[in-house]
Amino acid sequence: MQTDIHPKYQPVVFNDLASGAKFLTRSTVSSDKTVEWEDGNTYPVIDVEISSESHPFYTGKQRIMDSAGRVERFNQRFKGFGKK
């Protein structure tokens, strides 16, 4: 590998704003904001709006959409389309 062309790969804390969960992982992103982690070290923190802790697919808390009403409105709107 060439030297000095790759981004710095370092430990980073990701903060989920929706659930308040925090994850320590490694990433190439960086931030000026820092947080002291449970091990006593200070790491850069990246705020994210959604993660596996708050995403409906992972938590099982999906919204139920009124698909029956949408289908009925579609059929009502195009019921005469294509007839001669």
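Student: To begin, is Phe81 buried or exposed?

Tutor: This is a predicted model. In it, Phe81 counts as exposed, because its relative accessibility is 70% and the cut-off for that class is over 50%.

Student: Where is Phe81 placed?

Tutor: Phe81 lies in the segment after helix H2, which spans 67-77.

Student: Which residues form a nonpolar patch on the surface?

Tutor: The patch consists of Phe74, Phe78 and Phe81. Together these residues have about 380 Å² of accessible area.

Student: What about Phe78, how does it count in terms of accessibility?

Tutor: Phe78 counts as partly exposed, because its relative accessibility is 37%, between the limits of 20% and 50%.

Student: Now to the rings. How many aromatic pairs does the structure hold?

Tutor: The structure holds two aromatic pairs. In one of them, the ring centres of Phe74 and Phe78 are 5.0 Å apart and the planes are at 50°, so this pair is tilted.

Student: And what is the geometry of the pair formed by Phe78 and Phe81?

Tutor: Phe78 and Phe81 form an edge-to-face pair, with 6.3 Å from centre to centre and 85° between the planes.

Student: Which residues do the ring pairs link into a cluster?

Tutor: Phe74, Phe78 and Phe81 are linked into a cluster by ring pairs, and these residues also form the nonpolar surface patch.

How values were computed. Residues numbered from 1 in each chain as written. Predicted model: local features only at pLDDT ≥ 70, side-chain atom pairs only at ≥ 80, totals over all residues. Heavy atoms only, no water. Patch = residues over 30% accessible without salt bridge, like charges linked within 9 Å, V, L, I, M, F, W, Y side chains within 5 Å. Areas by Shrake-Rupley, 256 points an atom, 1.4 Å probe, with all protein chains shown as cover. Salt bridge = Lys/Arg side-chain N within 4 Å of Asp/Glu carboxyl O. Helix = DSSP H or I, 4+ residues; strand = E, 2+ residues; numbered from the N terminus. Phe/Tyr/Trp six-rings, centres within 6.5 Å; stacked < 30°, edge-to-face > 60°. Buried < 20%, exposed > 50% of the residue type's maximum accessible area, 1.4 Å probe, protein only.
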